[in-house]
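Please look over the sequence and the structure shown below. The report that follows begins with the chain as a whole and then turns to a single residue.

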Amino acid sequence: MSNGRDTMYLETRVPLKEIMRVNPTTIEAEATVAKAAAHMCRDEVGSCIVLSGNIPTGIVTEQDINCKVVAKDLKPSSVYVKEIMSTPLITIETRQTVGEAAQMMIQHRVRRLPVVEDGKVTGIVTVRDLLSVANELNEVMSDLIVINRDENFAMGVCDRCGQMSDNLIQVDSMLLCEDCREEERLR
C-alpha cells in the first residue's frame, strides 16, 4: 500500500517532453515592445522568450509590458525588449521532470520555464501546464479509488435486509448485499 508521498513522487516523474508546449513564441532582443505584444496576440500567449542571436537571454511577459511600459506611459514602439525583459532567464532541460520544473518555479518564483536542449529553446512549460497535469492525474486517481472500492467485497450481514452475504459492498455508508444494491440502483 502506498502513502500520499509515494503517489506524489510518481506523479511528478512525468517527463517535461510529455507536457511542454513546443515552438514557444520568441523575439529578438533588438525588437520593440510593440512587436513583442503583436507576437503574443498572434500566438495567444502571455510571454515571449527573448533571443540574442539564437541564444535565450531573457523573457518578456504581459506583466513586464504593463508595469515597465504602459504604467510609465512609454510608447511601445520606442522601447526595446532588451530594456524590459526579465533576466537572468531561468530554463530547464528537456530531460527533466514535472516535479523538477515545479521545484524550480517555486525556488525562483517564476510561472514560466523555457525548456532547452543543447542551448536551444525547444518548448515552454507554465504553472498552468503543471496544474492541468496534476488535475488530470487526480481525476485518474479518483477513478482508480472508486474501482478499488468496487472490488473490495466484504463478508457479513447486509445492513438493509439482515441476510448473511460474502458479497457486501459499501453504498452510502451502508454495507449492502447484491440484491439490496440492485434495489437501490432501481430506485
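Seven helices and ten strands make up the secondary structure elements counted in this chain, which is shown here as a predicted model. The predictor's confidence, given as pLDDT, averages 86 over the chain, and 87% of the residues reach a score of at least 70. Residues 1–10 have a pLDDT below 50, and this stretch makes two contacts in the model beyond those with near neighbours in sequence. Where pLDDT is low, the predicted coordinates should not be read in detail.

Some values for the whole chain are collected here.

| Property of the chain | Value |
|---|---|
| Share of the 187 residues that count as buried | 36% |
| Share of contacts between residues at least 6 apart in sequence that join residues at least 24 apart | 47% |

Cysteine 180 belongs to helix α7, which covers residues 178–186. Because its relative accessible area is 4%, and buried means under 20%, cysteine 180 counts as buried. When its neighbours within four places in sequence are left aside, the residues in contact with cysteine 180 are Cys158, Arg160 and Cys161. Leucine 168 stands twelve residues away from cysteine 180 in sequence, and the distance between the two in space, taken from C-alpha to C-alpha, is 9.6 Å.

How values were computed
Residues are numbered from 1 along each chain as its sequence is written. This is a predicted model: local features need pLDDT of at least 70, side-chain atom pairs count only at pLDDT 80 or more; totals for chains, interfaces and linings use all residues. Side-chain values use heavy atoms; hydrogens and water are left out. pLDDT is the predictor's confidence in each residue, from 0 to 100. Contact means heavy atoms within 4.5 Å. Helices (H or I, at least four residues) and strands (E, at least two) are DSSP runs, numbered from the N terminus. Buried means under 20% relative accessible area, exposed over 50%, partly exposed in between (1.4 Å probe, protein chains only).
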